[in-house]
Amino acid sequence: MFKTIVVGIIITIISISAFVVIDKNKTNSSTVIQQTSITEEENQRKVNITGEVNHPGDYLIANDKTLGDLIYLAGGVTSKADPSAYNESILISTRSEFYIAALGEIPSVCQIQEVEKININSANEEELVSVGFTSSQASNIVKYRSENGLFECLEDVQKVTGVGKATFNKVKGKITIS
């Protein structure tokens, strides 16, 4: 009986050792695969996409790809996405972030409230102020549009003098580009 217990203990120790060795080999090979799959090439950049996409986050994508390609990588848009708030055909180019706005805003009460949005490519100063821009920011947006053309994506409004990240975060759910 004693011999059977000793043999059982020895077999158990050998089995555990074998599994540890196998697990180490498996971990090392998966680490190598992960490292090679995220190497950055010269024409690629890390781009962040947030808002109404199924898998928001950072993605490595080529500069010559479009926002549509990035949305595809992020698992597509949700059913709540506002199609007038983004243009899938714009190039990633030098951009590093995109926000896909929702159709409506979900307040703390149990009903969905429609948000009246304005088009930053056609709104006048008064309309821009109504969604949260200051009067000087609204004036700068109109001036920027006349000098540089239409905005291609919501984030481009941050190129306007006086409109920074904080303002963009405040108004991004209230503006569209078409």
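**Contacts, rings and cores**

Reply: Happy to! Among contacts in the protein chain between residues at least 6 apart in sequence, 48% join residues at least 24 apart. Keep in mind that this is a predicted model.

Me: Good to know. How many helices and strands does the protein chain have?

Reply: There are five helices and seven strands. Along the sequence, the pattern runs α-β-β-α-β-β-β-β-α-α-α-β.

Me: And what share of the residues counts as buried?

Reply: Of the 178 residues in the protein chain, 33% are buried.

Me: Let's switch to rings. How many aromatic pairs are there?

Reply: The count is two aromatic pairs. One joins Tyr99 and Phe168 edge-to-face, at 6.5 Å centre to centre and with 90 degrees between the planes.

Me: Which parts does that pair tie together?

Reply: Tyr99 belongs to strand S3 (residues 97-100) and Phe168 to helix H5 (residues 165-171), so the pair links parts that are 69 residues apart in sequence. Tyr99 and Phe168 are both buried.

Me: What about Tyr144 and Phe151, stacked or edge-to-face?

Reply: Tyr144 and Phe151 are stacked, with 5.4 Å centre to centre and 10 degrees between the planes. Phe151 has 4% relative accessibility, so it counts as buried.

Me: Back to Tyr99: which charged end sits over its ring?

Reply: That would be Lys172, whose charged end is 4.2 Å from the centre of the Tyr99 ring.

Me: Now the largest nonpolar core. Which residues touch the most other members?

Reply: The core has 21 residues, and the ones touching the most other members are Ile120, Leu128, Phe133, Ile141, Leu154, Val157 and Ile175. Helices H4 (135-148) and H5 each supply at least two residues, and H4 gives the most, with three.

Me: What does Ile120 touch?

Reply: Leaving out residues up to four places away in sequence, Ile120 touches Leu128, Ile141, Arg145, Phe151, Leu154, Val157, Ile175, Thr176 and Ile177. Another core, of 16 residues, lies apart from the largest one; among its members are Leu67, Tyr86, Ile92 and Ile100.

Me: One last thing: where does Glu155 lie, and is it buried or exposed?

Reply: Glu155 is in the loop between H4 and H5. Glu155 is buried yet has no salt bridge, and the nearest side chain of opposite charge, Arg95, is 6.1 Å away.

Me: So what does Glu155 touch?

Reply: Not counting residues up to four places away in sequence, Glu155 touches Glu97, Phe98, Tyr99 and Phe168.

Conventions:
Residues are numbered from 1 along each chain as its sequence is written. This is a predicted model: local features need pLDDT of at least 70, side-chain atom pairs count only at pLDDT 80 or more; totals for chains, interfaces and linings use all residues. Side-chain values use heavy atoms; hydrogens and water are left out. Rings of Phe, Tyr and Trp (its six-membered ring) pair if their centres lie within 6.5 Å; planes under 30 degrees apart count as stacked, over 60 as edge-to-face and the rest as tilted. Helices (H or I, at least four residues) and strands (E, at least two) are DSSP runs, numbered from the N terminus. Buried means under 20% relative accessible area, exposed over 50%, partly exposed in between (1.4 Å probe, protein chains only). A charge sits over a ring if NZ of Lys or CZ of Arg is within 6 Å of the ring centre and within 35 degrees of the ring normal. A nonpolar core is a set of buried Ala, Val, Leu, Ile, Met, Phe, Trp, Tyr and Cys residues joined through side-chain atoms within 4.5 Å. Contact means heavy atoms within 4.5 Å. Lys and Arg count as positive and Asp and Glu as negative; His and the chain ends are not counted. A salt bridge is a side-chain nitrogen of Lys or Arg within 4 Å of a carboxyl oxygen of Asp or Glu.
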